[in-house]
Amino acid sequence: MTRRVLMGNEAIGRGIVECGCSVATSYPGTPASEILESVATFAREAGHRMHVEWSVNEKVAYEVALAASYTGKRAAVSMKQVGLNVASDPFMRSAYLGVKGGFLLVSADDPGPHSSQTEQDSRFYAMFAKVPVLDPSSPREAKEMVGLAFALSEAYEIPVMLRPTTRVCHARQAVPLLTPEREVRPARFDKDPKRWCATPRFVTDLHRGLTDKLGRLRADPRLAPAFFPGDGTVPRSCIIASGVAFAHTWDVLDEMGLSGKVDRYQVKAPYPLPTDFIERIGSAYERVLVVEETYPVIEMQLANRMVSGRGSRLVPNEGELTPEVIRGVLVEFLGLEPAPVHTASMPAGARPTLCAGCGHRAAYYAISQTFPRGIFPGDIGCYTLGVNLGAVDTCHCMGASIGQAAGFYHAYAQDGQAFPSIVATIGDSTFFHSGIPALVNAVNQRARFLVVILDNGTTAMTGHQPTPGLGRTASGEQGRPVFIRDLVRASGVAFLQEVDAYDVETLTAHLTDADRYMRSEEGAVAVIIASSPCVLAAEAGTTRAVHAVRVTEDCTGCRECLDLFECPALVWDEAAGKVGIGQGTCARCGVCLHVCPVGAIVADEGEPA
Amino acid sequence: MRQRIVVSGRGGQGVLTLTRVLAEAATAAGHEVITTETHGMAQRGGAVISTIKVGPFHGPLIASGEAEVGLFLHADNLPVHGHYLRSGGTALVNATDLPGHDAVDADRLAAEAGEPRAANLALLGYAAGKGVLFAGPDLFEATIRRVTPAKHLERNVMAFRAGVEASK
């Protein structure tokens, strides 16, 4: 059998293709983004005609895949955990109505969190919705579980969730490859209004059916935990773990020389736990430790006062279960002599910043200079880093910048005083995702604020997935582009300007005009689209070189350009006490020409622009 | 074979590529390997770290004080991620000169090889040449040849070899 080193997300994508899935959808978000990209890659490799889609948001992605399953075909939808918040509406009801073709939901959690607004546990969502969830401990297991999920989903006509975490998604490991199944099922939707269009009077019966499915799943041997018996050294005690926390617990026990001393269980399906497993744990053990991320899903189902875990505070209730944390938990549970711990606090290391030549920096500079006392609701993407530049005051969830801007306006305006200039910033992908309803709402409610749409032509933060504005599909085929300007106008916005983000002078003039318009008698929401292609995108070679720059002797070393502009290409020369240009880093965007208070950053005529 | 390696640097320095080369090389040598890496916002110039565990391990994370080898692409990351090294572990640092540490100017070596972005591979070459990794230079060079796009291949190999030479 061939093996290939795959990232966890690639292994999941490979599994989806191997299982003969016909339709796969997603919206990008760390740590889930590479799943759909690998589906597209492996489908192409296998010569499968799959429909692979970067949807506009997770709710839409869920609905597209769900209906494909109604036709009897296998379908998969993947997202990060907070994406499931967006898709929770179709998700909850799909548990009641069930599915036809195997339906896989991948919701990737981010304990820590490393790149998320929360460290919420999607397994609770599975429990809330009453659907089974699988919790892989490695890339290899994640791929195996894709097959199990499709099989269970078809056997019980129920959506099945696969819940990897960051340390599985972004782990790499050699994974066995199977020959992809060729999908031969024709689409066939059997109409059944009592089910697919269930009105409230049918819902109780559907709910009863769901409860019955869960009862049968509790007895399905495929969901039974794996048992690794100890040698009796630690009697009537056991350790129950799931996900990557199981893998790390194993390694830490190895490191402590305690492998094989204590009974261990790996829970592969944290919900629903098998009835006989719950009974066995209750009767066979006096002391039980549960190690799981991030919330006590297994622990709560055991409902046992003997359990040590998050409820008893032995396991910390917040943060990632790193090997260091697990070691501390094991030492206490097993009554061992604690080893000296590293208590020295580590420096945080370099903070992330917008790239040299990033158009977002230019836009944020213009915004903060134009409105020194403004309020700046921000959004989710690279451009959240505008917080470093003092141009992002809030960051909440996808699309919240526009909703929050309206809330700020109404709160200040009702006091009857002069309201501040409120400038929401939102990226192009985020605007498509959930900015549009907020904009329609704000216009309709007569709010007055500015929206700057930072259009870099891609979903940059997550690895440059195409947006609807680009007109290219996940499979690299031609789509039909949808233009932001048309959507803005159709939302009832009367003030719309488009500008190259590098053109700070014009952008500043538009901001001033927009503020005047917004405060005029007939004023309303004003929108500016500031465009500049992402310097990291594949098309980066075509980035417009505008100016080579240099710093003259006039530099006073005031550091204003470093502190307010924070371009990685502006470097502090310790010896000279002045700023210099980092050759090789500078993108020659020329925006910093506007920044120096004494005009010491100048165009370098000696160099070709 | 059991070896735990941390690779530490700034987003954009090629930590992910280096991680992938190490994982591919370990697999080619017939070892089990599991790695983990940093994605998301930190990739925009922030401090990033990868861990590589070669041998019969289950989870990808390395605890403080466990790593046998640390490859540091940026000297400023030493105080941030140096604690992962065990006592007696080996840290190799991309720096012009760093008293008390084994430093190599991988940036310069890569620039001289015509591929300034390949400092990661120059540092790898230096480590492989020093004999501190689970395999020697030949396996890593073969791996680089296997996983690198043709466009950058020769200059990447040159940077790697410059690192190997510098270790002698």
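# Chat about a two-chain model

Biologist: Where is the place of A:Thr294?
Modeller: A:Thr294 sits in the loop of chain A between strand E12 (287-291) and helix H12 (297-302). Keep in mind that this is a predicted model.

Biologist: Is the peptide bond from A:Glu293 to A:Thr294 cis or trans?
Modeller: That bond is cis, with omega near 0°. As a rule, most peptide bonds are trans.

Biologist: And what is the peptide bond from A:Thr30 to A:Pro31 like?
Modeller: The bond from A:Thr30 to A:Pro31 is cis as well, with omega near 10°. A:Pro31 belongs to the loop between strand E2 (23-26) and helix H2 (34-46) of chain A.

Biologist: Why does A:Glu157 count as partly exposed?
Modeller: A:Glu157 has 18 C-beta neighbours inside 10 Å, and therefore counts as partly exposed. A residue needs 20 or more to be buried and 12 or fewer to be exposed.

Biologist: OK, new topic. How many helices and strands are in chain B?
Modeller: Chain B has six helices and six strands. Along the sequence they come in the pattern β-α-β-β-β-α-β-β-α-α-α-α.

Biologist: How many residues does the contact take from chain A and from chain B?
Modeller: Chain A gives 36 residues and chain B gives 33 residues. On the chain A side, helix H10(A) gives the most, with five residues. The chain A side divides into 18 nonpolar, 12 polar and six charged residues.

Biologist: In what sense do E8(A) and strand E2 of chain B pair, parallel or antiparallel?
Modeller: E8(A) and E2(B), residues 33-36, pair in the antiparallel sense over two bridges. A:Arg172 stands opposite B:Thr35, and A:Ala171 stands opposite B:Thr36.

Biologist: Which way do the residues of E2(B) point?
Modeller: B:Val33 and B:Thr35 point one way, while B:Ile34 and B:Thr36 point the other way, and all are buried. E2(B) is also joined to strand E3 (residues 47-54) of chain B by four bridges, and these two strands run antiparallel. There, the bridge partner of B:Thr36 is B:Thr51.

Biologist: Which residues touch the most other members in the largest nonpolar core?
Modeller: Of the 242 residues in that core, they are A:Leu104, A:Leu450, B:Ala122 and B:Leu123. B:Ala122, for one, touches residues including B:Leu109, B:Phe160 and B:Gly163, leaving out those up to four places away in sequence.

Biologist: Last one: how far does helix H15 of chain A reach?
Modeller: H15(A), residues 400-413, has 14 residues and reaches 20 Å from its first C-alpha to its last, close to the 20 Å expected. Its buried residues include A:Ile402, A:Phe408 and A:Tyr409.

Biologist: What covers the buried residues of H15(A)?
Modeller: The cover includes strand E14 (423-427), helix H16 (428-444) and strand E15 (450-455) of chain A.

Technical notes: Residues numbered from 1 in each chain as written. Chains lettered and ligands numbered in written order. Predicted model: local features only at pLDDT ≥ 70, side-chain atom pairs only at ≥ 80, totals over all residues. Expected span 1.5 Å × (residues − 1). Contact = placed C-beta atoms within 7 Å. Nonpolar A, V, L, I, M, F, W, Y, C, P; charged D, E, K, R; others polar. Pairing = 2+ DSSP bridges. Core = buried A, V, L, I, M, F, W, Y, C linked by C-beta atoms within 7 Å.
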